[in-house]
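Subject: Structure handover

Hello,

Here is the structure I said I would pass on. My notes on it follow below.

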Amino acid sequence: MTVVVARRERRGTEGAPLIDPFGRSISYVRVSVTDRCDLRCTYCMLERQTFLPRSELLTIEELDRLCAAFVGLGTRRLRLTGGEPLVRKGFMDLVRGLSRHLRSGALDELTLTTNGTQLAEHAEALAQAGVRRINVSLDTLDADRFRRITRGGDLTKVLNGLEAARSAGLKVKINTVALKGDNAGELVDMVRWAHGAGMDMTLIETMPLGEIEQDRTEQYLSLAEVRADFERLWTLTPMAKRTGGPARYVRIEETGGTLGLITPMSHTFCEACNRVRVTCTGELFLCLGQDDKADLRDVLRGHVGDDAAVEDAIRAAIALKPKGHDFRIDRPGAAPAVARPMSMTGG
Ligand code: SAM
Ligand code: SF4
(Lines give C-alpha, C1' and ligand atoms only; values in the text may rest on other atoms or scores of the structure.)
(Ligands and ions follow the chains in the order given, each with its own letter.)
Protein backbone atom coordinates (compact mmCIF):
# COMPACT_ATOMS: atom_id res chain seq x y z
CA MET A 1 0.00 0.00 0.00
CA THR A 2 2.71 2.42 1.03
CA VAL A 3 4.58 1.50 -2.14
CA VAL A 4 1.55 2.37 -4.28
CA VAL A 5 1.28 5.80 -2.63
CA ALA A 6 5.00 6.41 -3.04
CA ARG A 7 4.85 5.52 -6.74
CA ARG A 8 1.81 7.72 -7.29
CA GLU A 9 3.52 10.70 -5.62
CA ARG A 10 6.62 9.99 -7.64
CA ARG A 11 4.90 10.45 -10.97
CA GLY A 12 4.66 14.18 -10.39
CA THR A 13 8.38 14.57 -9.64
CA GLU A 14 10.01 12.23 -12.16
CA GLY A 15 12.66 14.01 -14.20
CA ALA A 16 12.31 17.21 -12.14
CA PRO A 17 15.55 18.74 -10.84
CA LEU A 18 16.31 18.60 -7.13
CA ILE A 19 15.10 21.81 -5.54
CA ASP A 20 15.17 22.24 -1.77
CA PRO A 21 12.50 24.01 0.31
CA PHE A 22 14.44 27.29 0.04
CA GLY A 23 14.42 27.18 -3.75
CA ARG A 24 18.08 26.17 -4.05
CA SER A 25 18.82 23.80 -6.90
CA ILE A 26 21.00 20.89 -5.78
CA SER A 27 23.44 20.29 -8.61
CA TYR A 28 26.66 19.46 -6.77
CA VAL A 29 27.32 16.35 -4.70
CA ARG A 30 30.37 15.42 -2.68
CA VAL A 31 30.81 11.77 -1.93
CA SER A 32 33.21 10.48 0.67
CA VAL A 33 34.51 7.09 -0.46
CA THR A 34 36.35 6.18 2.75
CA ASP A 35 36.97 7.53 6.24
CA ARG A 36 40.53 6.15 6.16
CA CYS A 37 43.61 8.17 5.42
CA ASP A 38 47.37 7.72 5.23
CA LEU A 39 47.87 11.05 7.07
CA ARG A 40 46.60 12.25 10.46
CA CYS A 41 46.31 16.04 10.11
CA THR A 42 46.06 17.52 13.60
CA TYR A 43 42.96 19.62 12.84
CA CYS A 44 41.14 16.71 11.16
CA MET A 45 41.78 13.49 13.06
CA LEU A 46 42.92 11.99 16.30
CA GLU A 47 46.39 10.47 16.28
CA ARG A 48 44.80 7.11 17.07
CA GLN A 49 41.71 7.58 15.02
CA THR A 50 39.36 4.60 14.97
CA PHE A 51 38.01 3.80 11.54
CA LEU A 52 34.75 2.19 10.57
CA PRO A 53 34.53 -1.55 9.95
CA ARG A 54 34.70 -2.20 6.21
CA SER A 55 31.22 -3.74 6.14
CA GLU A 56 29.77 -0.35 7.03
CA LEU A 57 31.28 1.35 4.00
CA LEU A 58 29.39 1.50 0.75
CA THR A 59 30.95 -0.90 -1.73
CA ILE A 60 32.39 0.47 -4.97
CA GLU A 61 29.28 -0.83 -6.76
CA GLU A 62 26.98 0.90 -4.25
CA LEU A 63 28.93 4.13 -4.61
CA ASP A 64 28.57 3.91 -8.38
CA ARG A 65 24.84 3.25 -8.10
CA LEU A 66 24.30 6.12 -5.70
CA CYS A 67 26.29 8.57 -7.82
CA ALA A 68 24.34 7.46 -10.89
CA ALA A 69 21.08 8.16 -9.02
CA PHE A 70 22.24 11.69 -8.25
CA VAL A 71 23.29 12.21 -11.86
CA GLY A 72 19.84 10.99 -12.91
CA LEU A 73 18.37 13.67 -10.64
CA GLY A 74 20.32 16.51 -12.22
CA THR A 75 23.67 16.51 -10.41
CA ARG A 76 26.13 18.21 -12.79
CA ARG A 77 29.25 18.11 -10.63
CA LEU A 78 30.50 15.21 -8.59
CA ARG A 79 33.43 15.47 -6.18
CA LEU A 80 34.94 12.34 -4.66
CA THR A 81 36.66 12.82 -1.36
CA GLY A 82 37.28 11.16 1.99
CA GLY A 83 39.28 10.44 4.16
CA GLU A 84 41.81 10.00 1.41
CA PRO A 85 40.04 8.81 -1.75
CA LEU A 86 43.19 7.42 -3.35
CA VAL A 87 43.71 4.93 -0.49
CA ARG A 88 40.32 3.31 -1.12
CA LYS A 89 40.72 -0.04 -2.87
CA GLY A 90 38.91 0.04 -6.20
CA PHE A 91 38.80 3.83 -6.29
CA MET A 92 40.17 4.05 -9.82
CA ASP A 93 37.52 1.54 -10.97
CA LEU A 94 34.90 3.85 -9.49
CA VAL A 95 36.34 6.84 -11.35
CA ARG A 96 36.55 4.94 -14.62
CA GLY A 97 32.97 3.75 -14.17
CA LEU A 98 31.61 7.19 -13.36
CA SER A 99 33.35 8.70 -16.36
CA ARG A 100 30.52 7.24 -18.49
CA HIS A 101 28.38 10.15 -17.25
CA LEU A 102 30.96 12.60 -18.56
CA ARG A 103 30.95 10.91 -21.93
CA SER A 104 27.15 10.92 -22.07
CA GLY A 105 27.09 14.63 -21.23
CA ALA A 106 24.97 14.05 -18.10
CA LEU A 107 27.80 15.25 -15.88
CA ASP A 108 29.87 18.42 -16.37
CA GLU A 109 32.60 17.55 -13.94
CA LEU A 110 34.04 14.59 -12.10
CA THR A 111 36.72 15.61 -9.66
CA LEU A 112 38.38 14.77 -6.38
CA THR A 113 39.97 16.26 -3.30
CA THR A 114 43.15 14.49 -2.31
CA ASN A 115 46.12 14.94 -0.01
CA GLY A 116 48.32 14.14 -3.02
CA THR A 117 50.46 11.43 -1.43
CA GLN A 118 49.41 8.83 -4.03
CA LEU A 119 48.87 11.19 -6.91
CA ALA A 120 52.14 10.33 -8.65
CA GLU A 121 50.78 6.83 -9.34
CA HIS A 122 47.28 7.85 -10.37
CA ALA A 123 47.43 11.27 -12.07
CA GLU A 124 47.72 9.90 -15.60
CA ALA A 125 44.84 7.44 -15.14
CA LEU A 126 42.67 10.15 -13.62
CA ALA A 127 43.26 12.38 -16.63
CA GLN A 128 42.51 9.49 -18.99
CA ALA A 129 39.20 8.92 -17.21
CA GLY A 130 38.15 12.48 -17.96
CA VAL A 131 39.08 14.18 -14.69
CA ARG A 132 40.19 17.70 -15.60
CA ARG A 133 40.73 19.44 -12.27
CA ILE A 134 41.64 18.25 -8.81
CA ASN A 135 42.00 19.87 -5.41
CA VAL A 136 45.15 19.01 -3.51
CA SER A 137 45.29 19.84 0.18
CA LEU A 138 48.63 21.14 1.34
CA ASP A 139 49.19 23.29 4.42
CA THR A 140 52.92 23.94 4.24
CA LEU A 141 55.97 23.71 1.97
CA ASP A 142 58.29 23.03 4.88
CA ALA A 143 59.08 19.31 5.19
CA ASP A 144 59.37 19.34 9.00
CA ARG A 145 56.20 21.34 9.47
CA PHE A 146 54.42 19.04 7.03
CA ARG A 147 55.53 16.04 9.06
CA ARG A 148 54.29 17.74 12.23
CA ILE A 149 50.88 18.87 10.89
CA THR A 150 50.17 15.54 9.18
CA ARG A 151 51.80 13.49 11.97
CA GLY A 152 54.42 11.75 9.89
CA GLY A 153 53.68 12.64 6.25
CA ASP A 154 56.36 12.99 3.58
CA LEU A 155 56.14 16.29 1.70
CA THR A 156 58.21 14.93 -1.21
CA LYS A 157 55.44 12.50 -2.12
CA VAL A 158 52.93 15.35 -2.43
CA LEU A 159 55.32 17.48 -4.49
CA ASN A 160 55.96 14.51 -6.79
CA GLY A 161 52.21 14.03 -7.03
CA LEU A 162 51.75 17.65 -8.05
CA GLU A 163 54.42 17.26 -10.72
CA ALA A 164 52.68 14.16 -12.06
CA ALA A 165 49.35 15.99 -12.10
CA ARG A 166 50.89 18.80 -14.08
CA SER A 167 52.46 16.38 -16.58
CA ALA A 168 49.10 14.66 -16.99
CA GLY A 169 47.49 18.00 -17.79
CA LEU A 170 45.32 18.14 -14.64
CA LYS A 171 44.47 21.59 -13.40
CA VAL A 172 45.28 21.81 -9.70
CA LYS A 173 43.86 23.96 -6.94
CA ILE A 174 45.73 23.97 -3.66
CA ASN A 175 43.58 23.95 -0.50
CA THR A 176 45.33 25.25 2.59
CA VAL A 177 43.90 25.39 6.10
CA ALA A 178 45.11 28.56 7.85
CA LEU A 179 46.58 27.50 11.19
CA LYS A 180 47.64 30.15 13.65
CA GLY A 181 50.56 28.37 15.28
CA ASP A 182 51.72 26.46 12.21
CA ASN A 183 51.58 28.07 8.78
CA ALA A 184 50.41 31.64 9.49
CA GLY A 185 53.84 33.07 8.62
CA GLU A 186 54.12 31.02 5.44
CA LEU A 187 50.88 31.84 3.67
CA VAL A 188 52.29 34.66 1.53
CA ASP A 189 55.05 32.36 0.26
CA MET A 190 52.56 29.60 -0.42
CA VAL A 191 50.38 31.89 -2.52
CA ARG A 192 53.45 33.02 -4.48
CA TRP A 193 54.49 29.41 -5.02
CA ALA A 194 51.05 28.21 -6.10
CA HIS A 195 50.33 31.11 -8.43
CA GLY A 196 53.88 30.97 -9.79
CA ALA A 197 53.22 27.36 -10.81
CA GLY A 198 49.87 28.22 -12.40
CA MET A 199 47.76 26.73 -9.58
CA ASP A 200 44.84 28.49 -7.92
CA MET A 201 44.73 28.46 -4.18
CA THR A 202 42.00 28.48 -1.55
CA LEU A 203 42.50 29.24 2.11
CA ILE A 204 40.18 27.64 4.65
CA GLU A 205 39.41 28.55 8.25
CA THR A 206 39.41 25.58 10.63
CA MET A 207 35.91 24.37 11.30
CA PRO A 208 34.73 22.70 14.51
CA LEU A 209 34.10 19.27 13.03
CA GLY A 210 34.90 16.14 15.04
CA GLU A 211 36.95 15.57 18.16
CA ILE A 212 40.67 16.34 17.98
CA GLU A 213 43.38 16.48 20.66
CA GLN A 214 44.16 20.19 20.37
CA ASP A 215 41.96 23.07 21.40
CA ARG A 216 40.57 24.51 18.17
CA THR A 217 40.67 28.04 19.50
CA GLU A 218 44.47 27.67 19.48
CA GLN A 219 44.51 26.69 15.80
CA TYR A 220 41.89 29.10 14.53
CA LEU A 221 43.21 31.92 12.38
CA SER A 222 40.68 34.36 11.01
CA LEU A 223 41.03 34.85 7.28
CA ALA A 224 39.94 38.45 7.82
CA GLU A 225 43.39 38.91 9.45
CA VAL A 226 45.16 37.03 6.67
CA ARG A 227 43.38 39.08 4.03
CA ALA A 228 44.35 42.33 5.78
CA ASP A 229 48.01 41.17 5.74
CA PHE A 230 47.78 40.31 2.03
CA GLU A 231 46.23 43.69 1.27
CA ARG A 232 49.27 45.42 2.74
CA LEU A 233 51.35 43.58 0.15
CA TRP A 234 49.12 43.02 -2.86
CA THR A 235 46.09 44.37 -4.71
CA LEU A 236 43.15 42.02 -4.16
CA THR A 237 40.34 42.47 -6.66
CA PRO A 238 37.07 40.74 -5.73
CA MET A 239 35.82 38.43 -8.48
CA ALA A 240 32.21 37.73 -9.38
CA LYS A 241 33.02 34.01 -9.58
CA ARG A 242 30.72 31.94 -7.35
CA THR A 243 30.54 28.19 -7.24
CA GLY A 244 27.52 27.84 -4.96
CA GLY A 245 29.97 26.87 -2.24
CA PRO A 246 31.47 28.73 0.66
CA ALA A 247 34.43 30.30 -1.17
CA ARG A 248 34.68 33.95 -2.13
CA TYR A 249 37.30 34.70 -4.76
CA VAL A 250 39.77 37.50 -5.33
CA ARG A 251 42.34 38.02 -8.02
CA ILE A 252 45.78 38.97 -6.81
CA GLU A 253 46.95 41.45 -9.41
CA GLU A 254 50.68 41.05 -8.68
CA THR A 255 50.70 37.25 -8.95
CA GLY A 256 47.96 37.02 -11.60
CA GLY A 257 46.35 34.13 -9.71
CA THR A 258 43.01 33.47 -8.06
CA LEU A 259 42.67 33.15 -4.31
CA GLY A 260 39.61 31.60 -2.69
CA LEU A 261 38.73 32.37 0.91
CA ILE A 262 36.49 30.01 2.86
CA THR A 263 35.36 31.71 6.02
CA PRO A 264 32.65 29.62 7.63
CA MET A 265 33.32 31.16 11.04
CA SER A 266 33.15 34.80 10.15
CA HIS A 267 30.55 34.60 7.36
CA THR A 268 27.74 32.30 6.46
CA PHE A 269 27.55 31.20 2.88
CA CYS A 270 24.33 29.30 2.91
CA GLU A 271 21.98 31.35 0.78
CA ALA A 272 23.35 30.02 -2.50
CA CYS A 273 24.28 26.55 -1.25
CA ASN A 274 23.82 24.08 -4.11
CA ARG A 275 25.39 21.02 -2.49
CA VAL A 276 24.88 18.01 -0.33
CA ARG A 277 27.34 15.45 0.97
CA VAL A 278 27.26 11.69 1.20
CA THR A 279 29.41 9.92 3.78
CA CYS A 280 31.26 6.71 3.06
CA THR A 281 28.48 4.83 4.90
CA GLY A 282 25.82 6.27 2.64
CA GLU A 283 24.42 8.92 4.95
CA LEU A 284 23.25 11.94 3.01
CA PHE A 285 24.08 15.07 4.97
CA LEU A 286 22.19 18.09 3.83
CA CYS A 287 24.51 20.64 5.44
CA LEU A 288 28.16 20.36 6.52
CA GLY A 289 27.36 22.09 9.81
CA GLN A 290 24.05 20.47 10.75
CA ASP A 291 22.99 16.97 11.68
CA ASP A 292 20.06 16.62 9.24
CA LYS A 293 20.61 13.43 7.28
CA ALA A 294 19.08 10.46 5.51
CA ASP A 295 20.37 6.90 5.44
CA LEU A 296 20.77 5.89 1.81
CA ARG A 297 22.71 2.69 2.52
CA ASP A 298 19.63 0.92 3.83
CA VAL A 299 17.72 2.02 0.75
CA LEU A 300 20.53 0.84 -1.56
CA ARG A 301 20.81 -2.52 0.19
CA GLY A 302 17.08 -2.99 0.64
CA HIS A 303 16.21 -2.20 -2.99
CA VAL A 304 18.82 -3.91 -5.12
CA GLY A 305 17.91 -3.29 -8.75
CA ASP A 306 15.29 -0.67 -7.86
CA ASP A 307 16.89 2.69 -8.56
CA ALA A 308 13.52 4.46 -8.33
CA ALA A 309 13.53 3.76 -4.57
CA VAL A 310 16.95 5.38 -4.26
CA GLU A 311 15.83 8.43 -6.22
CA ASP A 312 12.70 8.72 -4.08
CA ALA A 313 14.79 8.59 -0.90
CA ILE A 314 17.11 11.31 -2.21
CA ARG A 315 14.17 13.52 -3.13
CA ALA A 316 12.57 13.04 0.28
CA ALA A 317 15.86 13.95 1.97
CA ILE A 318 16.41 17.10 -0.08
CA ALA A 319 13.04 18.31 1.15
CA LEU A 320 14.67 18.47 4.61
CA LYS A 321 17.73 20.57 3.68
CA PRO A 322 18.14 23.20 6.40
CA LYS A 323 18.53 26.86 5.65
CA GLY A 324 22.08 27.11 6.98
CA HIS A 325 24.66 26.26 9.61
CA ASP A 326 25.61 27.89 12.88
CA PHE A 327 29.29 27.34 13.63
CA ARG A 328 30.77 28.75 16.83
CA ILE A 329 34.39 28.38 17.84
CA ASP A 330 34.58 31.11 20.45
CA ARG A 331 34.22 28.99 23.58
CA PRO A 332 37.48 27.24 24.54
CA GLY A 333 36.89 23.57 25.29
CA ALA A 334 33.39 23.62 23.75
CA ALA A 335 32.13 20.51 21.99
CA PRO A 336 32.50 20.58 18.18
CA ALA A 337 29.54 22.01 16.23
CA VAL A 338 28.97 18.56 14.81
CA ALA A 339 30.61 15.43 16.17
CA ARG A 340 31.57 13.86 12.84
CA PRO A 341 34.98 14.85 11.49
CA MET A 342 35.52 16.29 8.03
CA SER A 343 37.15 12.98 7.06
CA MET A 344 33.76 11.34 7.50
CA THR A 345 31.47 13.86 5.85
CA GLY A 346 34.03 14.61 3.20
CA GLY A 347 35.64 17.98 2.55
N1 SAM B 1 42.19 13.68 2.41
C2 SAM B 1 41.80 14.59 1.40
C3 SAM B 1 42.48 15.92 1.57
O4 SAM B 1 43.05 16.17 2.64
O5 SAM B 1 42.41 16.70 0.64
C6 SAM B 1 40.32 14.78 1.28
C7 SAM B 1 39.52 14.87 2.55
S8 SAM B 1 39.90 16.23 3.61
C9 SAM B 1 38.78 15.92 4.93
C10 SAM B 1 39.22 17.57 2.69
C11 SAM B 1 39.61 18.95 3.13
O12 SAM B 1 39.08 19.20 4.43
C13 SAM B 1 41.09 19.19 3.25
O14 SAM B 1 41.42 20.31 2.47
C15 SAM B 1 41.31 19.47 4.70
O16 SAM B 1 42.35 20.37 4.90
C17 SAM B 1 39.98 20.01 5.13
N18 SAM B 1 39.68 19.87 6.55
C19 SAM B 1 39.70 18.76 7.31
N20 SAM B 1 39.31 19.03 8.58
C21 SAM B 1 39.01 20.35 8.60
C22 SAM B 1 38.55 21.24 9.62
N23 SAM B 1 38.28 20.83 10.84
N24 SAM B 1 38.36 22.55 9.27
C25 SAM B 1 38.61 22.98 8.01
N26 SAM B 1 39.04 22.19 7.02
C27 SAM B 1 39.25 20.90 7.31
FE1 SF4 C 1 43.61 12.86 5.88
FE2 SF4 C 1 42.62 14.89 4.47
FE3 SF4 C 1 42.00 14.61 7.08
FE4 SF4 C 1 44.49 15.27 6.42
S5 SF4 C 1 42.65 16.49 6.03
S6 SF4 C 1 43.88 13.67 7.89
S7 SF4 C 1 44.78 14.21 4.54
S8 SF4 C 1 41.44 13.24 5.47
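To begin with the ligand: an N or O atom in the side chain of Tyr43 lies 3.0 Å from an oxygen atom of ligand 1. I count a polar contact as a pair of N or O atoms within 3.5 Å; within protein, one must be able to donate a hydrogen and the other to accept it, and residues adjacent in sequence count only if both atoms are side-chain atoms. Ser137 also has a polar side-chain atom 2.5 Å from an oxygen atom of ligand 1, and Glu84 has one 3.2 Å from a nitrogen atom of the ligand. Taken alone, ligand 1 exposes 540 Å², of which the protein buries 95% (Shrake-Rupley method, 1.4 Å probe; for residues, only the protein chains shown count as cover).

Before the rest, some conventions. This is a predicted model, in which local features need pLDDT of at least 70 and side-chain atom pairs count only at pLDDT 80 or more, while totals for chains, interfaces and linings use all residues. Residues are numbered from 1 along each chain as its sequence is written, chains are lettered from A and ligands numbered from 1 in the order in which they are written, and side-chain values use heavy atoms, with hydrogens and water left out.

There are 20 residues around ligand 1 (a heavy atom within 4 Å), and Tyr43, Gly83, Ser137, Val177 and Met207 come nearest. At least two residues of this shell come from each of β3, β5 (171-178), β6 (200-205) and α12 (342-345). Helices (H or I, at least four residues) and strands (E, at least two) are DSSP runs, numbered from the N terminus.

Helix α3 (residues 91-103) has 13 residues and reaches 19 Å from its first C-alpha to its last, close to the expected 18 Å (1.5 Å times one less than its number of residues). Its buried residues (under 20% relative accessible area; exposed is over 50%, partly exposed in between; 1.4 Å probe, protein chains only) include Phe91, Leu94, Leu98 and Leu102. Their cover includes α2 (60-72), β2 (77-81), β3 (109-114) and α4 (119-128). Just after α3, Gly105 takes a positive phi of about 85°.

Asp182 sits in the loop between β5 and α7 (187-196). It counts as buried because its relative accessibility is 18%. Not counting residues up to four places away in sequence, Asp182 touches Arg145, Arg148 and Ile149 (heavy atoms within 4.5 Å).

Regards
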